[in-house]
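Have the structure open while you read.

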Amino acid sequence: MNVQLDTAYWIGLLISVALPVLVGLVTTRVTHAGAKAVLLLALSGVNGLLVEVANPGPGFDLGTAAVLALVAFATGVLAHFGLWKPVGVADKAQASLITERPQPRGI
């Protein structure tokens, strides 16, 4: 069996593996896990749309973009729990850019 994928699909796959790190960079440790999941889903949707737009095929297909977005989301979740979290990249991403704001003390 010979499988040939366009470059846009390979780039989209690599981006979907890196999306959990991006979510970690723009959220804090105290951000609710549901909010992080929604952000990952939104970024996966954008990734799916961009891959379908960049695909040199016969035209834009929203159904294909939706499937690509679901694949990107699933790949991102699997990469987070199977790769980034066990090796500590998720924690380092959370600690690098955005820090928690100290809560004001009452007088």
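## The largest pocket

Start with the largest pocket: 19 residues line it, and Val 23, Ala 33, Lys 36, His 80 and Phe 81 lie nearest its centre. A pocket here is an open set of points on a 1 Å grid over the protein atoms alone, where a 1.4 Å probe fits, with protein on both sides within 12 Å along at least five of seven lines; lining residues have an atom within 4 Å of a point. H1, H2 (33-54), H3 and H4 each give two or more residues to this lining, and H3 gives the most, with six. Helices are DSSP runs (H or I, at least four residues), numbered from the N terminus.

By class, the lining splits into 11 nonpolar, four polar and four charged residues. Nonpolar covers Ala, Val, Leu, Ile, Met, Phe, Trp, Tyr, Cys and Pro; charged covers Asp, Glu, Lys and Arg; the others, Gly among them, are polar.

## About the model

This is a predicted model, where local features need pLDDT of at least 70 and side-chain atom pairs count only at pLDDT 80 or more, while totals for chains, interfaces and linings use all residues. Residues are numbered from 1 along each chain as its sequence is written, and side-chain values use heavy atoms, with hydrogens and water left out.

## The second largest pocket

Thirteen residues line the second largest pocket, with Tyr 9, Gly 12, Leu 13, Leu 68 and Val 71 closest to its centre. H1 supplies the largest share, five residues. The lining has eight nonpolar, five polar and no charged residues.

## H1 against H4

Val 21, Val 23, Gly 24 and Leu 25 in H1 meet Val 89, Ala 93, Gln 94 and Ser 96 in H4, counting heavy atoms within 4.5 Å as contact.
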